[in-house]
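Student: I have a model to get to know, and I'd like to go through it with you by question and answer. Please put it up, and we can start with a term or two.

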Amino acid sequence: MLREAIRRRNEFDLDIVAVVNDTVGTMMTCGYEDPNCEIGLIAGTGSNVCYMEDMKNIEIVEGNEGKMCINTEWGAFGDNGCIDNIRTKYDKEVDEGSLNPGKQRYEKMTSGMYLGEIVRQILIDLTKQGLLFRGHISESLMKRGIFETKFLSQIESDRLALLQVRRILQQLGLDSTCEDSIIVKEVCGVVSQRAAQLCGAGLAAIVEKKRENRGVERLQITVGVDGTLYKLHPHFSRVLQETVKELAPQCDVTFMLSEDGSGKGAALITAVAKRLHNVGQK
């Protein structure tokens, strides 16, 4: 379909040899620099992981030789109800108000697209209980999406004084006291820490699975990472790494930041695919 659409435009001669998502692209970019990189992680607006798996461990594909990249699309983890016991009423409210209720439940607890909305739901609840903003729910607080995830990063910055937190809240139309600012900062911290720990738990499960499959006592592996949440949030990357270390103590995991991982990785895969195609023709 993509090829047909390009042909209809009749403006350039372009062939499609590979379709690559950002997670796989990130792993490939870092794998080019570090052959030990066999996992790609996106922790930004969305959340996803891919990893290299031995063919012998993939039941639905024939053949036992070599490896294949598995794109987990782990954002959909929990859609069958298996993580319902850790979902809060705030998660359910965010899910029900989203464009795809009942889907991508894990992503809605871990990715930048939803963390601000989780915070907003908690602030509304605390205000209703009279614990915030003198019990007054402002019109701005009722606006979905008003609390962007970038505000979490700003509010959680260690260098930010309470007066500056208060100023950010005032920009959002929230008239806060110093006590309100302390509570809001605490809420932001809890939401982002949980997201990083959940993300770390998923990653720990994958590295531990790779260690067991290889039958080694200790595994050394590199994870290629991209995404604004990992790069820009003041504490997310640290908490994620600490969680992986705690839950997978027999794995020595190195985290490698990728710059424009998806673009460079797609170019690398295209080059390899084209070379293999040319070899096949000969």
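Tutor: First, a term: a residue is buried when its relative accessible area is under 20%, exposed when it is over 50%, and partly exposed in between, using a 1.4 Å probe and protein chains only. This is a predicted model, in which local features need pLDDT of at least 70 and side-chain atom pairs count only at pLDDT 80 or more, while totals for chains, interfaces and linings use all residues. Numbering runs from 1 along each chain as its sequence is written, and side-chain values use heavy atoms, with hydrogens and water left out.

Student: Is Phe133 buried or exposed?

Tutor: Phe133 sits in the loop between helix 5 and helix 6; here helices (H or I, at least four residues) and strands (E, at least two) are DSSP runs, numbered from the N terminus. Its phi is near 50°, which is positive although the residue is not glycine. Because its relative accessibility is 4%, Phe133 counts as buried.

Student: What does Asn10 count as, buried or exposed?

Tutor: Asn10 is in the loop between helix 1 (2-9) and helix 2 (22-33), and its phi, near 55°, is a positive value in a residue other than glycine. Most residues other than glycine have a negative phi. With a relative accessibility of 68%, Asn10 counts as exposed.

Student: Which side chain is joined to that of Lys108 by a polar contact?

Tutor: Lys108 belongs to helix 4 (residues 107-110), and its relative accessible area of 3% is why it counts as buried. A polar contact is a pair of N or O atoms within 3.5 Å; within protein, one must be able to donate a hydrogen and the other to accept it, and residues adjacent in sequence count only if both atoms are side-chain atoms. The Lys108 side chain reaches the backbone oxygen of Asn100 at 2.9 Å. The side-chain partner, also at 2.9 Å, is Ser98.

Student: How far apart in space are Arg105 and Trp74, C-alpha to C-alpha?

Tutor: Arg105 lies in the loop between helix 3 (89-96) and helix 4, and it is buried, with a relative accessible area of 17%. Contact means heavy atoms within 4.5 Å; beyond four places in sequence, Arg105 touches residues including Phe77, Asp79, Asp84, Arg87 and Asp95. Arg105 and Trp74 are 31 residues apart in sequence, and their distance in space is 9.5 Å.

Student: How much space lies in the largest pocket?

Tutor: On a 1 Å grid over the protein atoms alone, a cavity is a set of points where a 1.4 Å probe fits but cannot get out, and a pocket is an open set with protein on both sides within 12 Å along at least five of seven lines; lining residues have an atom within 4 Å of a point. Grid points are joined across faces, edges and corners, and a volume is the space filled by probe spheres set on the points. Helix 5 (residues 112-128) supplies the largest share of this pocket's lining, four residues. The space in the largest pocket is about 240 Å³.

Student: What is the volume of the second largest pocket?

Tutor: Its lining includes Thr45, Met113, Glu148, Lys150 and His233. Helix 5, helix 6 (149-155) and helix 9 (228-232) each supply at least two of the lining residues. The volume of the second largest pocket is about 190 Å³.

Student: How many charged residues are in the lining of the largest cavity?

Tutor: The structure holds one cavity of 30 Å³ or more, and about 50 Å³ of space lies in the largest cavity. Its lining is Glu38, Met52, Glu53, Asp54, Lys67, Lys210, Asn213 and Arg214. Ala, Val, Leu, Ile, Met, Phe, Trp, Tyr, Cys and Pro count as nonpolar, Asp, Glu, Lys and Arg as charged, and the others, Gly among them, as polar. By class, the lining has one nonpolar residue and one polar residue, and the number of charged residues is six.
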